[in-house]
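Please give me a short tour of this model, one selection at a time. I have it open in a viewer and would like to know what to pick and what is there.

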Amino acid sequence: MIEFTNVSFTYEEAARPALGEIDLSIADGEAVALVGASGSGKTTFLRLLNALLLPTDGRVTVDGLDTGDPVNLWEVRRRVGLIFQNPDNQLVSTTVERELAFGMENLGLPSAEIGRRIAAVLVRLNLEHLRERAPHRLSGGEKQRVAIAAVLAMRPVCLALDEPTSLLDARGRREVWEILGELGRDESRTVVHVTQFPDEIGLSTRAIVLDRGRVVFDGSPVELFSRAERLSEWGLTLPSAMVLSDRLRRAGLGLPGVAITLDELVDAIVAAPAGSLS
Ligand code: ADP
Ligand code: MG
(Lines give C-alpha, C1' and ligand atoms only; values in the text may rest on other atoms or scores of the structure.)
(Ligands and ions follow the chains in the order given, each with its own letter.)
Protein backbone atom coordinates (compact mmCIF):
# COMPACT_ATOMS: atom_id res chain seq x y z
CA MET A 1 0.00 0.00 0.00
CA ILE A 2 1.28 3.44 -0.97
CA GLU A 3 -0.12 6.51 0.75
CA PHE A 4 0.30 10.19 0.00
CA THR A 5 -1.01 12.30 2.88
CA ASN A 6 -1.36 15.98 2.04
CA VAL A 7 1.90 15.90 0.07
CA SER A 8 3.42 19.00 -1.46
CA PHE A 9 6.79 19.30 -3.10
CA THR A 10 8.64 22.43 -4.20
CA TYR A 11 12.01 22.28 -5.95
CA GLU A 12 14.67 24.52 -4.51
CA GLU A 13 14.33 28.06 -5.82
CA ALA A 14 11.17 27.18 -7.78
CA ALA A 15 8.45 29.84 -7.70
CA ARG A 16 5.58 27.38 -7.21
CA PRO A 17 5.16 23.82 -5.96
CA ALA A 18 5.66 21.03 -8.52
CA LEU A 19 3.05 19.03 -6.56
CA GLY A 20 0.46 20.35 -4.14
CA GLU A 21 -1.77 18.75 -1.52
CA ILE A 22 -1.76 15.24 -2.94
CA ASP A 23 -3.97 12.89 -0.91
CA LEU A 24 -4.38 9.41 -2.29
CA SER A 25 -3.59 5.80 -1.70
CA ILE A 26 -2.69 3.03 -4.11
CA ALA A 27 -3.62 -0.49 -3.02
CA ASP A 28 -1.39 -3.52 -3.55
CA GLY A 29 -1.77 -4.93 -7.03
CA GLU A 30 -3.37 -1.86 -8.58
CA ALA A 31 -2.32 -0.80 -12.09
CA VAL A 32 -2.34 2.99 -12.25
CA ALA A 33 -1.77 5.20 -15.29
CA LEU A 34 -0.43 8.58 -14.22
CA VAL A 35 -1.05 11.19 -16.90
CA GLY A 36 -1.05 14.94 -17.44
CA ALA A 37 0.53 17.58 -19.64
CA SER A 38 4.27 18.12 -19.68
CA GLY A 39 5.38 19.81 -16.43
CA SER A 40 2.28 18.66 -14.51
CA GLY A 41 4.39 16.82 -11.90
CA LYS A 42 4.36 13.18 -13.05
CA THR A 43 8.10 12.56 -12.75
CA THR A 44 8.18 14.36 -9.42
CA PHE A 45 5.40 12.03 -8.19
CA LEU A 46 7.46 8.94 -9.13
CA ARG A 47 10.58 10.35 -7.47
CA LEU A 48 8.58 10.77 -4.26
CA LEU A 49 7.48 7.13 -4.46
CA ASN A 50 10.95 5.73 -3.90
CA ALA A 51 12.46 8.51 -1.82
CA LEU A 52 14.58 10.01 -4.59
CA LEU A 53 12.75 13.14 -3.39
CA LEU A 54 11.17 13.76 0.00
CA PRO A 55 7.97 15.77 0.48
CA THR A 56 8.36 19.44 1.39
CA ASP A 57 5.09 18.99 3.29
CA GLY A 58 3.02 15.95 4.16
CA ARG A 59 4.01 12.31 4.17
CA VAL A 60 4.57 9.46 1.71
CA THR A 61 4.49 5.92 3.05
CA VAL A 62 5.21 2.61 1.32
CA ASP A 63 3.85 -0.38 3.24
CA GLY A 64 3.61 1.92 6.23
CA LEU A 65 7.26 3.00 5.94
CA ASP A 66 7.66 6.79 5.96
CA THR A 67 9.97 7.67 3.02
CA GLY A 68 11.20 10.70 4.98
CA ASP A 69 12.71 8.57 7.74
CA PRO A 70 16.33 7.80 6.75
CA VAL A 71 16.08 4.45 8.58
CA ASN A 72 13.54 3.33 5.94
CA LEU A 73 15.49 4.39 2.84
CA TRP A 74 16.84 0.96 1.93
CA GLU A 75 13.50 -0.81 2.50
CA VAL A 76 11.59 1.79 0.48
CA ARG A 77 14.03 1.54 -2.45
CA ARG A 78 13.79 -2.23 -2.32
CA ARG A 79 10.00 -2.06 -2.49
CA VAL A 80 9.66 0.47 -5.29
CA GLY A 81 11.55 -0.15 -8.54
CA LEU A 82 11.87 2.76 -10.95
CA ILE A 83 12.14 2.51 -14.75
CA PHE A 84 13.19 5.64 -16.61
CA GLN A 85 12.32 7.00 -20.01
CA ASN A 86 15.75 6.30 -21.43
CA PRO A 87 16.97 2.74 -20.80
CA ASP A 88 20.53 3.83 -21.65
CA ASN A 89 20.60 5.61 -18.29
CA GLN A 90 19.74 2.39 -16.51
CA LEU A 91 21.91 -0.26 -18.20
CA VAL A 92 25.44 -0.66 -16.85
CA SER A 93 26.65 -4.20 -17.58
CA THR A 94 28.44 -6.00 -20.43
CA THR A 95 25.83 -8.73 -20.98
CA VAL A 96 22.10 -9.03 -20.43
CA GLU A 97 22.69 -11.80 -17.90
CA ARG A 98 25.14 -9.63 -15.91
CA GLU A 99 22.67 -6.77 -16.09
CA LEU A 100 19.95 -8.91 -14.53
CA ALA A 101 22.29 -10.19 -11.82
CA PHE A 102 23.60 -6.74 -10.88
CA GLY A 103 20.68 -5.47 -8.79
CA MET A 104 20.15 -8.83 -7.09
CA GLU A 105 23.85 -9.00 -6.14
CA ASN A 106 23.44 -5.59 -4.54
CA LEU A 107 20.54 -7.02 -2.55
CA GLY A 108 22.92 -9.71 -1.33
CA LEU A 109 20.90 -12.63 -2.69
CA PRO A 110 22.59 -16.07 -2.83
CA SER A 111 23.89 -16.99 -6.29
CA ALA A 112 21.58 -20.01 -6.69
CA GLU A 113 18.57 -17.76 -6.11
CA ILE A 114 19.97 -15.17 -8.54
CA GLY A 115 20.35 -17.91 -11.17
CA ARG A 116 16.76 -19.08 -10.68
CA ARG A 117 15.34 -15.58 -10.92
CA ILE A 118 17.38 -14.77 -14.03
CA ALA A 119 16.05 -17.88 -15.75
CA ALA A 120 12.47 -17.01 -14.81
CA VAL A 121 12.61 -13.37 -15.85
CA LEU A 122 14.33 -14.17 -19.17
CA VAL A 123 11.37 -16.41 -20.03
CA ARG A 124 8.74 -13.99 -18.76
CA LEU A 125 10.06 -11.08 -20.82
CA ASN A 126 11.01 -13.20 -23.82
CA LEU A 127 14.71 -12.33 -23.53
CA GLU A 128 16.30 -15.79 -23.47
CA HIS A 129 17.84 -15.38 -26.92
CA LEU A 130 19.54 -12.15 -25.79
CA ARG A 131 21.13 -13.56 -22.63
CA GLU A 132 24.75 -13.20 -23.78
CA ARG A 133 24.28 -9.99 -25.76
CA ALA A 134 25.65 -6.59 -24.80
CA PRO A 135 22.76 -4.41 -23.58
CA HIS A 136 24.07 -1.27 -25.30
CA ARG A 137 23.97 -3.05 -28.69
CA LEU A 138 20.27 -3.97 -28.45
CA SER A 139 17.30 -2.18 -30.00
CA GLY A 140 15.44 0.40 -27.92
CA GLY A 141 12.56 -1.96 -27.17
CA GLU A 142 14.93 -4.77 -26.19
CA LYS A 143 16.90 -2.41 -23.93
CA GLN A 144 13.75 -1.25 -22.18
CA ARG A 145 12.66 -4.87 -21.70
CA VAL A 146 16.06 -5.67 -20.16
CA ALA A 147 15.77 -2.65 -17.86
CA ILE A 148 12.29 -3.80 -16.77
CA ALA A 149 13.52 -7.39 -16.32
CA ALA A 150 16.41 -6.23 -14.13
CA VAL A 151 14.03 -4.37 -11.83
CA LEU A 152 11.42 -7.17 -11.79
CA ALA A 153 14.10 -9.70 -10.85
CA MET A 154 14.55 -7.78 -7.60
CA ARG A 155 10.82 -8.43 -6.92
CA PRO A 156 9.72 -4.94 -5.93
CA VAL A 157 6.16 -4.66 -4.59
CA CYS A 158 5.70 -1.65 -6.85
CA LEU A 159 7.06 -0.99 -10.30
CA ALA A 160 7.04 2.67 -11.31
CA LEU A 161 7.68 3.47 -14.98
CA ASP A 162 8.33 6.97 -16.31
CA GLU A 163 7.19 7.18 -19.95
CA PRO A 164 8.97 3.90 -20.76
CA THR A 165 7.88 3.86 -24.42
CA SER A 166 8.28 7.51 -25.36
CA LEU A 167 11.74 7.10 -26.93
CA LEU A 168 10.95 3.79 -28.68
CA ASP A 169 9.97 3.10 -32.28
CA ALA A 170 6.60 1.51 -33.06
CA ARG A 171 7.95 -2.00 -32.74
CA GLY A 172 9.70 -1.35 -29.44
CA ARG A 173 6.57 0.31 -28.13
CA ARG A 174 4.52 -2.79 -28.99
CA GLU A 175 7.05 -5.03 -27.22
CA VAL A 176 6.82 -2.96 -24.05
CA TRP A 177 3.00 -2.69 -24.30
CA GLU A 178 2.74 -6.44 -24.12
CA ILE A 179 4.72 -6.44 -20.90
CA LEU A 180 2.73 -3.56 -19.46
CA GLY A 181 -0.52 -5.35 -20.28
CA GLU A 182 0.70 -8.49 -18.58
CA LEU A 183 1.97 -6.59 -15.52
CA GLY A 184 -1.31 -4.68 -15.30
CA ARG A 185 -3.22 -7.95 -15.02
CA ASP A 186 -0.76 -9.37 -12.48
CA GLU A 187 -2.31 -8.51 -9.15
CA SER A 188 0.73 -9.52 -7.15
CA ARG A 189 2.47 -6.29 -8.05
CA THR A 190 1.52 -2.61 -8.03
CA VAL A 191 2.29 -0.72 -11.24
CA VAL A 192 2.41 3.06 -11.61
CA HIS A 193 2.88 3.93 -15.25
CA VAL A 194 3.47 7.49 -16.42
CA THR A 195 2.43 7.90 -20.02
CA GLN A 196 1.48 10.52 -22.56
CA PHE A 197 -0.08 7.99 -24.91
CA PRO A 198 -3.89 7.63 -24.64
CA ASP A 199 -3.63 4.13 -26.14
CA GLU A 200 -1.56 3.00 -23.15
CA ILE A 201 -3.96 4.19 -20.47
CA GLY A 202 -6.30 1.22 -21.04
CA LEU A 203 -3.48 -1.09 -19.93
CA SER A 204 -4.19 0.16 -16.40
CA THR A 205 -7.32 -0.15 -14.27
CA ARG A 206 -7.07 3.31 -12.71
CA ALA A 207 -6.12 6.66 -14.20
CA ILE A 208 -4.86 9.65 -12.22
CA VAL A 209 -4.55 12.98 -14.00
CA LEU A 210 -2.23 15.72 -12.74
CA ASP A 211 -2.69 19.33 -13.79
CA ARG A 212 -0.12 21.85 -12.56
CA GLY A 213 0.74 19.65 -9.63
CA ARG A 214 -2.82 18.87 -8.54
CA VAL A 215 -4.84 15.69 -8.91
CA VAL A 216 -7.77 16.72 -11.14
CA PHE A 217 -9.09 13.25 -11.98
CA ASP A 218 -8.88 9.87 -10.28
CA GLY A 219 -11.05 7.10 -11.71
CA SER A 220 -11.28 4.37 -14.31
CA PRO A 221 -9.89 4.85 -17.83
CA VAL A 222 -13.44 4.54 -19.22
CA GLU A 223 -14.62 7.38 -16.96
CA LEU A 224 -11.60 9.44 -17.95
CA PHE A 225 -12.34 9.18 -21.65
CA SER A 226 -15.99 9.99 -21.10
CA ARG A 227 -14.85 13.48 -20.01
CA ALA A 228 -14.15 14.46 -23.60
CA GLU A 229 -14.53 18.19 -22.89
CA ARG A 230 -11.57 18.21 -20.44
CA LEU A 231 -9.16 15.96 -22.30
CA SER A 232 -7.27 18.53 -24.35
CA GLU A 233 -6.83 20.69 -21.26
CA TRP A 234 -5.15 17.67 -19.64
CA GLY A 235 -2.89 17.07 -22.66
CA LEU A 236 -4.87 14.01 -23.78
CA THR A 237 -6.78 12.84 -26.84
CA LEU A 238 -9.15 9.89 -27.27
CA PRO A 239 -7.48 6.49 -27.71
CA SER A 240 -7.52 5.10 -31.24
CA ALA A 241 -9.96 2.33 -30.26
CA MET A 242 -12.56 4.98 -29.32
CA VAL A 243 -11.97 6.99 -32.50
CA LEU A 244 -12.38 3.81 -34.57
CA SER A 245 -15.47 2.72 -32.58
CA ASP A 246 -17.05 6.05 -33.33
CA ARG A 247 -16.41 5.65 -37.07
CA LEU A 248 -17.73 2.10 -37.05
CA ARG A 249 -20.90 3.17 -35.21
CA ARG A 250 -21.46 5.99 -37.68
CA ALA A 251 -21.09 3.41 -40.44
CA GLY A 252 -23.92 1.49 -38.78
CA LEU A 253 -22.14 -1.22 -36.78
CA GLY A 254 -23.96 -1.90 -33.51
CA LEU A 255 -21.02 -2.05 -31.08
CA PRO A 256 -21.77 -2.91 -27.44
CA GLY A 257 -20.02 -1.06 -24.58
CA VAL A 258 -16.98 1.22 -24.65
CA ALA A 259 -13.69 -0.12 -26.02
CA ILE A 260 -10.56 1.83 -25.06
CA THR A 261 -7.92 -0.67 -26.21
CA LEU A 262 -7.67 -2.23 -29.65
CA ASP A 263 -8.09 -5.67 -28.07
CA GLU A 264 -11.38 -4.59 -26.53
CA LEU A 265 -12.46 -3.11 -29.86
CA VAL A 266 -11.77 -6.39 -31.64
CA ASP A 267 -13.79 -8.23 -28.98
CA ALA A 268 -16.65 -5.74 -29.43
CA ILE A 269 -16.63 -6.17 -33.22
CA VAL A 270 -16.68 -9.95 -32.85
CA ALA A 271 -19.60 -9.64 -30.43
CA ALA A 272 -21.53 -7.16 -32.63
CA PRO A 273 -24.88 -8.54 -33.83
CA ALA A 274 -24.33 -10.41 -37.07
CA GLY A 275 -25.42 -8.42 -40.09
CA SER A 276 -25.66 -5.17 -38.09
CA LEU A 277 -23.45 -3.49 -40.69
CA SER A 278 -25.60 -3.37 -43.74
P1 ADP B 1 6.27 16.01 -15.79
O2 ADP B 1 7.04 14.78 -15.51
O3 ADP B 1 4.79 15.87 -15.64
O4 ADP B 1 6.64 16.63 -17.11
P5 ADP B 1 7.91 17.18 -13.66
O6 ADP B 1 7.58 16.42 -12.43
O7 ADP B 1 9.17 16.84 -14.36
O8 ADP B 1 6.67 17.12 -14.66
O9 ADP B 1 7.97 18.72 -13.32
C10 ADP B 1 6.96 19.39 -12.57
C11 ADP B 1 7.37 20.84 -12.40
O12 ADP B 1 8.59 20.93 -11.66
C13 ADP B 1 7.63 21.56 -13.71
O14 ADP B 1 7.18 22.89 -13.57
C15 ADP B 1 9.13 21.52 -13.85
O16 ADP B 1 9.60 22.64 -14.58
C17 ADP B 1 9.59 21.60 -12.40
N18 ADP B 1 10.87 20.88 -12.20
C19 ADP B 1 11.13 19.60 -12.54
N20 ADP B 1 12.38 19.25 -12.17
C21 ADP B 1 12.93 20.36 -11.58
C22 ADP B 1 14.19 20.65 -10.98
N23 ADP B 1 15.15 19.71 -10.90
N24 ADP B 1 14.39 21.90 -10.48
C25 ADP B 1 13.41 22.85 -10.55
N26 ADP B 1 12.20 22.64 -11.09
C27 ADP B 1 11.94 21.41 -11.61
MG1 MG C 1 8.33 13.65 -16.71
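Select residues 262–271, which form helix 11, and pick out Asp267 within that helix. The model is predicted. Is Asp267 buried or exposed? Its relative accessibility is 52%, so Asp267 counts as exposed, the cut-off being over 50%.

Now show what surrounds His193. Apart from neighbours within four places in sequence, its contacts are Val32, Ala33, Leu34, Leu161, Pro164, Leu180 and Glu200.

Move on to a pair of helices: helix 5, residues 140–153, and helix 6, residues 170–185. Their axes are 8 Å apart, and the helices pack at an angle of about 25 degrees. Angles under 35 degrees count as roughly parallel, and helix 5 and helix 6 are therefore described that way.

To see where they meet, show these side by side:

- From helix 5: Gly141, Glu142, Gln144, Arg145, Ile148 and Leu152.
- From helix 6: Gly172, Glu175, Val176, Ile179 and Leu183.

Colour the residues of this contact by type: five are nonpolar, three are polar and three are charged.

Methods
Residues numbered from 1 in each chain as written. Chains lettered and ligands numbered in written order. Predicted model: local features only at pLDDT ≥ 70, side-chain atom pairs only at ≥ 80, totals over all residues. Heavy atoms only, no water. Contact = heavy atoms within 4.5 Å. Helix = DSSP H or I, 4+ residues; strand = E, 2+ residues; numbered from the N terminus. Buried < 20%, exposed > 50% of the residue type's maximum accessible area, 1.4 Å probe, protein only. Axes fitted to C-alpha atoms, helices over the stretch in contact; angles between N-to-C directions. Parallel < 35°, antiparallel > 145°, perpendicular 65-115°, else oblique. Nonpolar A, V, L, I, M, F, W, Y, C, P; charged D, E, K, R; others polar.
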